[in-house]
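Morning, everyone. I'll take a few minutes on one model. Here are the sequence and structure.

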Amino acid sequence: EMCLRVIDTLEAIDPAVATEMGSHAYDQKLADYSTQGVNTAIGSLTRLQTRLNAYDTTRLSDQEKINRLLLNSNLDIAVLNLKQIQWYKRSPYLYVDQAVDGLYFLMLSRHATTAAKLTSILGRVGEVPKLFATAQRNLKSPPKVWIESAQDGLKSCRDFYLAVQKQLTDSFPARSGEV
């Protein structure tokens, strides 16, 4: 049960990675780097860390102990990234990467037909303006090279989105207005 809670929390924090890993519970979402989203994530992760660290390991098998250590490590990394490193305040490319990967992993996924994934695809694409608005609020004086990298990434992102738009419009002409 604890293992599933940790995995679900990590997937909710980074839905694009969840899709990449084959989990589709959050396919209509992108990461929420808003102040509230980050604070909620840190709170959830910290509570899970506390519960996991308090867990009595004396009755666990060696494999279960290893799994516990791996879960704890994943929680530590997620908290470190959000609370201390704070990439969401430093790296404009993080947002571009989230927008590209979010759509790419959905398009690449073979868990369902494109028709069945269309609602998730449109939902995730619909999250991009909010993601970029959050980037504008969060980013404070990133290094020039990071800005240039993100700008190059945005060009590729735009081209990728336009190609997906064409594919979806051609495949689903009745929904071209949504696409």
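Start with Gln 98. Beyond residues up to four places away in sequence, Gln 98 touches Asp 14, Pro 15, Ala 16, Leu 30, Ala 31, Tyr 33 and Leu 131. Contact here means heavy atoms within 4.5 Å.

Before I go on, the ground rules. This is a predicted model: local features need pLDDT of at least 70, side-chain atom pairs count only at pLDDT 80 or more, and totals for chains, interfaces and linings use all residues. Residues are numbered from 1 along each chain as its sequence is written, and side-chain values use heavy atoms, with hydrogens and water left out.

Back to Gln 98. It sits in helix α6, residues 92-108. Helices are DSSP runs of H or I, at least four residues, numbered from the N terminus. Is Gln 98 buried or exposed? Buried, because its relative accessible area is 5%; the cut-off is under 20%, with exposed over 50%, partly exposed in between, a 1.4 Å probe and protein chains only. Its side chain makes a polar contact with the side chain of Asp 14, at 3.3 Å. That term means a pair of N or O atoms within 3.5 Å; within protein, one must be able to donate a hydrogen and the other to accept it, and residues adjacent in sequence count only if both atoms are side-chain atoms.

Next, helix α1. Its buried residues are Met 2, Val 6, Thr 9 and Glu 11. They pack against α2 (15-20), α3 (35-54) and α4 (62-85).

Last, Ala 12, also in α1. Ala 12 counts as partly exposed, because its relative accessibility is 35%. Its C-alpha atom is 8.8 Å from that of Leu 30, 18 residues apart along the chain.

Terms used. Helices (H or I, at least four residues) and strands (E, at least two) are DSSP runs, numbered from the N terminus.
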